[in-house]
Amino acid sequence: MRKLWLMVLLFLAVLLAAACGGGSSTSAHPEQPEGSPAGAETSPQPAPPGPGMVVPAGSPSPVTPAGPTLNTRAVPWESATPADGGRSLDVVWWSGVEPCQVLDHVDVKETAREVTVTVYEGQDRRSPDAVCIAIAIQKTTQVRLESPLGDRKVVDGAK
């Protein structure tokens with residue numbers, strides 16, 4: 001039965017990709033590696049959207065940390081925009097669908113010169129055997145800073 005559902009999901013993904021004209025985006029991050037397991041137990045990291053991938057329209061999906069997750073790893077982000085008068089950052093990155101790719105936590109390290117933001121994702125531990133469709137989703141979360149950003153540089157801790 002599981003194989004049947006997987007085949008149905010893959011068929012629908014191909015149908016949707018064909019209907020959308022291949023689903024490409026101009027905002028893909030060129031340095032994000034394509035997904036491939038780092039070991040036997042890890043799940044692939046989603047690549048930014050490209051030919052053949054389905055990309056839903058609209059703004060990034062807001063998410064909150066759901067950790068602890070399985071196979072947690074740092075993932076690169078696209079942008080970190082100051083919000084709330086520089087007291088927080090809106091962080092945006094490309095990801096996959098839940099439960100295969102969920103936000104575990106965001107690590108923020110602040111110095112006088114820079115703020116390093118590292119986004120960590122993993123698989124939802126309540127669904128360790130989940131099979132997910134290959135679809136790129138842009139996600140966003142807001143992180144608070146200990147002190148206003150000011151002139152400090154924001155750095156991606158996953159790069």
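Predicted model: local features only at pLDDT ≥ 70, side-chain atom pairs only at ≥ 80, totals over all residues.
Residues are numbered from 1 along each chain as its sequence is written, and side-chain values use heavy atoms, with hydrogens and water left out.

Let me begin with the layout. Read from the N terminus on, the order of elements is α-β-β-β-β-β-β-β-β. Of the 159 residues, 37% are buried, and here buried means under 20% relative accessible area, exposed means over 50%, and partly exposed lies in between, with a 1.4 Å probe and protein chains only. The accessible surface comes to about 9,300 Å², and 57% of that surface belongs to carbon and sulfur atoms; these areas come from the Shrake-Rupley method with a 1.4 Å probe, and for residues only the protein chains shown count as cover. If we take contacts between residues at least 6 apart in sequence, 76% of them join residues at least 24 apart, a contact being heavy atoms within 4.5 Å.

Now to the strands, and I will say that two strands pair if DSSP finds at least two bridges between them. There is an open sheet of four strands, in the order β1-β7-β4-β3, with mixed pairing. Its edge strands are β1 (61-62) and β3, each of which pairs on one side only. Strand β3, residues 79-83, pairs with β4, residues 88-95, in the antiparallel sense over five bridges; within that pairing S79 stands opposite V92, and A80 has V91 as its bridge partner. These two strands form a hairpin with four residues between them.

Strand β8, residues 153-156, by contrast runs parallel to β6 and is joined to it by four bridges, one of the partner pairs being E114 and K153.

Two residues of β6 show this in detail. V117, which lies in β6, is buried with a relative accessible area of 0%. Its contacts, leaving out residues up to four places away in sequence, include W77, L89, V91 and D156. V117 and D156 are 39 residues apart in sequence, yet their C-alpha atoms are 5.3 Å apart in space. T118, also in strand β6, counts as buried at 7% relative accessibility, and beyond the residues up to four places away in sequence it touches A74, H105, V106, D107, G157 and A158.

That leads to the core. A nonpolar core is a set of buried Ala, Val, Leu, Ile, Met, Phe, Trp, Tyr and Cys residues joined through side-chain atoms within 4.5 Å. The largest has 15 residues, of which W77, L89, V91, W93, V117 and V119 touch the most other members, and β4, β5 and β6 each supply at least two residues of this core.

Finally, the backbone. Most residues other than glycine have a negative phi, and most peptide bonds are trans. Here, a cis peptide bond joins G67 and P68, with omega about 0°, and P68 lies in the loop between β1 and β2. Another cis bond joins E98 and P99, with omega about 10°, and P99 sits in the loop between β4 and β5. N71, in strand β2, has a positive phi near 55° and is partly exposed at 27% relative accessibility. D84, in the loop between β3 and β4, has a positive phi near 50° and is partly exposed at 47%.
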